[in-house]
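This report goes through one structure for a reader who has not seen it before.

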Amino acid sequence: MAKTLFDKVWDSHVVHNVEDGPQVVYIDRHYIHEVTSPQAFNGLRNRGIPVFRPKQTIATADHNVPTKDQHLPIKDALSKHQVDTLIKNCDEFGVELYGLGHPFQGIVHVIGPELGITQPGMTMVCGDSHTSTHGAFGAIAFGIGTSEVEQVLATQCILQNKPKKMKIEINGQLKPGVLSKDIILYIISKISTSGGTGHFVEFCGDTIEELSMEARMTICNMSIEMGARGGMIAPDETTYEYIKGREFAPKGEAFDQMVEKWKGLKTDEGAEFDLEYSYDATDIDPMITYGTNPGMGIGINDNVPNPNGNATDNFKKALDYMGLEAGQKLIGKKVDYVFIGSCTNSRIEDLRLVADLVKGRKKADHIEAWIVPGSKQVEQQAIAEGLDVVMKEAGFELREPGCSACLAMNEDKVPAGAYCVSTSNRNFEGRQGPGARTMLASPLSAAATAINGYISDARELMN
Amino acid sequence: MEKFINITSSIYPLPVEDIDTDQIIPARFLKATDRKGFGDNLFRDWRYDKNDQPNPDFVLNNPKYGGTVLVAGKNFGCGSSREHAAWAIYDSGLRVVVSSFFADIFKGNALNNGLLPVQVSEEFLQKIFKAVEVDPKQEVAVDLVNQTIAIAGTDDAESFEITAYKKHCMTNGFDDIDFLISKADEIKEYETKELVF
Ligand code: SF4
C-alpha cells in the first residue's frame, strides 16, 4: 500500500499494538530540560528504576535561565533550584547534560539540529510542545507531558494513538522580504489554532523545497500552533547538506549509507491523507498577529478584522486585552518592546537577517530590544561574523542563549499593557509577562519595528 | 494514579473558548520540582487581580458555584504541553473537565493523571451552560463505565468516547508506565532489528 512519509517513520517504530488502544512507539531521541523533567525523575526514583537508555536522552537548561551573566549563579532561587535539580538528576541517572557554561548549551530545539542529533527518519520527543521543530528533517517529533517523559526515561517508548494525516502544499515564489515565519502565520490564520488537532502535518510543494533547513524548522516549529501534533518535511539534498559534518552526525561511509536510506523517506505516489490544503506563496505578505492566539494574524499592512455586529465574545476579549479596535490599522502603531529569539527564530540565519537590516541604522530610543541567540553555538557564530558589533552600533545588545521572553520564566518580562513585537510563537494572554501584549512577526518585521519604533514593513527599509 | 469513581456533582461553568495552558497555569508558576501545590495558581491571572486580590467575578471565586466538574468552551487546553495544567486542575479538587473539544496533549496529560476529559457536542455543552445559568447548583452525572454524561434530573444526556485501554486505566488507577515496563522484552527485541522505512 502506498504510504506517506509519516506512515513510513511511524510504522517502523511500532513495538506493540494494544488491542483497542494505543500503540507502543519506540523513541530514538529524547530531549529534556529543567522545567518538565524533575517530576519524571522523581517518578523513576519512587519506582526504584534506572533510565532505560541513558545515551538516547540529551539534556539542556534553557527555559529558566538568565540571558545575562550566565557565568554567575542564577539569582532567582526557584529557577536556580530547578536548574540544580536537572544537574543532580542527570548526574545520578547518567544523562548527558549541556548545561549553563557548556559550549553546546541552548534552546533544546536549536541545539538538537545544530549538533546533528536530529536526523531523518527518527522518532523524537521532548516535554515541550515545540518539539515539532525537528520534523523539518523528516523525523517524527512531538511534545509530550511529564508522565510521558517518565515513560520514555523508563522504557524508551511511549503509548500513543496514531494521529491522522494532513498535507499542506505551498507552491510559488515568495515575494522578497517574506520569510517562512510569514508562511506559517499565514497558514495558521487560515486553518485556525484547532484546525490541525489530531493530525500530523506534512508540508510540501516547491516553496517548501526552496527553503533552507532553518526556514523549514520555523514552519514545523509552529505546526503545533494550529493544533497539530507535529509537522514534517521530506528530507532532500538541503537536509543532507545541513547534517553533514555536524558533531553527532554519522561520518564518512556511514553517512553515505544513511543518506541512501533517507532517500526512501518520502510520500509514495497515491498515498492518502485525511485532510489536504494548498496555498499559493505569492498571496503571502509579511504577517503580524493582533489577538491572543497565533491564528489571529493579518498581513502587516492590513486592518484588524471588523466583524461589525458579529464579533464573538472571544474576539472582543482578545481585542480588549490587546487594547486594539476592530478595523484599526497596525502599521505605524507605536510599540514598546521587541523580542528577537525563541526556538522559532533565534538561529544564525535569523540573526544575519536582523544584522543586515539594522546595519548603519539606529534603534528607536524608546524601544527596549532583546536579541537572544538560540544557543551558545549560534552566539559564537554571530560573534565570529561580527554580527554583535553591527547590532551594538545600531543600539542593540546580543544576549546569552535561552528561551527568555518567549515564556518569561526568567527576568525577561514585558510589563503589563506594553506592546511587544516578538519573533516567538505564542501571543497568549500573559505569555511574555502578566498583562503583556504580544504581536508575533518575522525577524525582519521585528527588526524594522525596533528601528522605527512603530510597527513597520521591513520591505521599506530594504534595498 | 487514583481510581476514577463515577461522579454526580455541581459544576464550575467557564464558557470561554481556546483556553490555553498558559491561562490554566502561567509559566512563572512552573518552577516547582514536584507535582503537588499547583492548584493554588490554577487560572492565576483570571482568579486574582494585579494586587493578588481574588477577583470576585471569576467563577472559581464565586460561592454560587462548586463541585468537582469544570465545564469550559471549545478547544480547551491548547498551547504548551505542560502537564502542570492537568496537575493544577486535579490539585484543585476537580476530577472532570467537560468541553466540546480538547487539544491533544492536554487530553493525554489529563488521562495520565486521573482527570477525565469528557468531550460533548457543542449543543450539549450549551445546554449545560444554560442549565447552570438557570440554577447554579445544577448537577451533572458522569458515568465512565457506561461512557455517559447527563444533566442530572433531566433526560438530557450524551455519550462520550474513550478508548477501552484508557477506560481500563482510569477505572483501575493504572498508569501507562506500569504497562510499558511489562513490555520490556518486546522493546529489547525491537532494538535488535534493523530499521527499514
Ligand atoms: S523558546 Fe519558547 S517555545 Fe521554544 S522551547 Fe523555549 S519556551 Fe518552548
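Which side chain meets Glu150(A) in a salt bridge? The model shown here is predicted, and in it the partner of Glu150(A) is Arg35(B), with 3.4 Å from N to O. Across the interface of chain A and chain B, 7 salt bridges are found by the rule.

**The interface**

The size of an interface is often given as the accessible area lost when the parts come together. Here chain A and chain B bury about 5000 Å² between them, and carbon and sulfur atoms account for 59% of that area. Chain A brings 68 residues to the contact, and chain B brings 52 residues. On the chain A side, the residues that lose the most area to chain B are Gln39(A), Arg47(A) and Lys261(A), which together make up 11% of what that side buries.

**Strands**

In chain A, an open sheet of 3 strands runs in the order E1-E2-E8 with antiparallel pairing. Its edge strands, E1(A) and E8(A), each pair on one side only. From one strand to the next, the twist averages 25°.

| Strand pair | Sense | Bridges |
|---|---|---|
| E2(A) and E8(A) | antiparallel | 4 bridges |

Ser10(B) stands opposite Glu139(B) of E5(B). Toward E6(B), Ala141(B) has Ala150(B) as its bridge partner. The hairpin of E5(B) and E6(B) has 4 residues between the strands, and Gln147(B) takes a positive phi near 55° there.

**Nonpolar cores**

In soluble globular proteins, nonpolar side chains tend to be buried together. The largest nonpolar core in this model holds 111 residues. The members that touch the most others are Leu14(B), Phe43(B), Phe76(B), Val98(B), Leu116(B) and Ile149(B). Leaving aside neighbours within four places in sequence, Leu116(B) is in contact with residues including Phe4(B), Arg95(B), Leu144(B), Phe160(B) and Met170(B). Another core, of 73 residues, lies apart from the largest one, and among its members are Val51(A), Phe93(A), Phe137(A) and Met226(A).

Notes:
Residues numbered from 1 in each chain as written. Chains lettered and ligands numbered in written order. Predicted model: local features only at pLDDT ≥ 70, side-chain atom pairs only at ≥ 80, totals over all residues. Heavy atoms only, no water. Pairing = 2+ DSSP bridges. Helix = DSSP H or I, 4+ residues; strand = E, 2+ residues; numbered from the N terminus. Axes fitted to C-alpha atoms, helices over the stretch in contact; angles between N-to-C directions. Core = buried A, V, L, I, M, F, W, Y, C linked by side-chain atoms within 4.5 Å. Buried < 20%, exposed > 50% of the residue type's maximum accessible area, 1.4 Å probe, protein only. Contact = heavy atoms within 4.5 Å. Buried area = accessible area lost by both parts, 1.4 Å probe. Salt bridge = Lys/Arg side-chain N within 4 Å of Asp/Glu carboxyl O.
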